[in-house]
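Visitor: I am new to reading protein models. Could you walk me through this one, feature by feature?

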Amino acid sequence: MFLNRFVLKVTRITDQLIAFISSYDVSGLKDYWNHLDKRFFQRLDFQHYADVKKMETCLFRLYIVHALQNSKQDKVVEFFEKYASELQQKSEWREWFGK
């Protein structure tokens, strides 16, 4: 019984993340991810938290790729206008900024 409830919640969380990406709602995506981070992820041990941070990077890269594939350059520009200063300081984003 417990496992079924957990799976349903994970599915709902995943569906919500995909919905934010599909609707090009980067602010909603960021806010929802921050909520998950504060509520769940920050309680993890270092190794698992590092994996979550990699997932975060992949999620935001997926947002960019999805926008580009659907000719939504304005959404890509919006993303980098909002988050470039934050992301430029992260090593995993350096190649995306040509550094």
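Guide: Start with a cut-off. A residue counts as exposed when its relative accessible area is over 50%, and as buried when that area is under 20%. Keep in mind that this is a predicted model.

Visitor: Is R43 buried or exposed, and why?

Guide: R43 has a relative accessible area of 65%, so R43 is exposed. R43 sits in the loop between α2 (26-39) and α3 (46-69).

Visitor: Which residues form a positive surface patch?

Guide: Look for K9, R12, R39 and R43. Together they make up that patch.

Visitor: How many positive and negative side chains does the protein chain have?

Guide: There are 16 positive and 13 negative side chains. The centres of the two sets lie 5 Å apart.

Visitor: Now A84. Is A84 buried or exposed, and why?

Guide: Use the cut-off again: buried means under 20%. A84 has a relative accessible area of 16%, so A84 is buried. You will find A84 in helix α4 (residues 73-87).

Visitor: Which residues does A84 touch, leaving out those up to four places away in sequence?

Guide: A84 touches F79 and F97. Now compare sequence with space. A84 and F97 are 13 residues apart in sequence, and their C-alpha atoms are 8.7 Å apart.

Visitor: What about the whole protein chain? How many helices and strands does it have?

Guide: The protein chain has four helices and zero strands. Its C-alpha trace spans about 45 × 30 × 20 Å along the principal axes. Of its 99 residues, 28% count as buried.

Technical notes:
Residues are numbered from 1 along each chain as its sequence is written. This is a predicted model: local features need pLDDT of at least 70, side-chain atom pairs count only at pLDDT 80 or more; totals for chains, interfaces and linings use all residues. Side-chain values use heavy atoms; hydrogens and water are left out. Patches are made of residues with over 30% relative accessible area and no salt bridge: like charges are joined within 9 Å, nonpolar side chains (Val, Leu, Ile, Met, Phe, Trp, Tyr) within 5 Å. Accessible areas come from the Shrake-Rupley method with a 1.4 Å probe; for residues, only the protein chains shown count as cover. A salt bridge is a side-chain nitrogen of Lys or Arg within 4 Å of a carboxyl oxygen of Asp or Glu. Lys and Arg count as positive and Asp and Glu as negative; His and the chain ends are not counted. The place of a charge is taken as NZ of Lys, CZ of Arg, CG of Asp or CD of Glu. Helices (H or I, at least four residues) and strands (E, at least two) are DSSP runs, numbered from the N terminus. Buried means under 20% relative accessible area, exposed over 50%, partly exposed in between (1.4 Å probe, protein chains only). Contact means heavy atoms within 4.5 Å.
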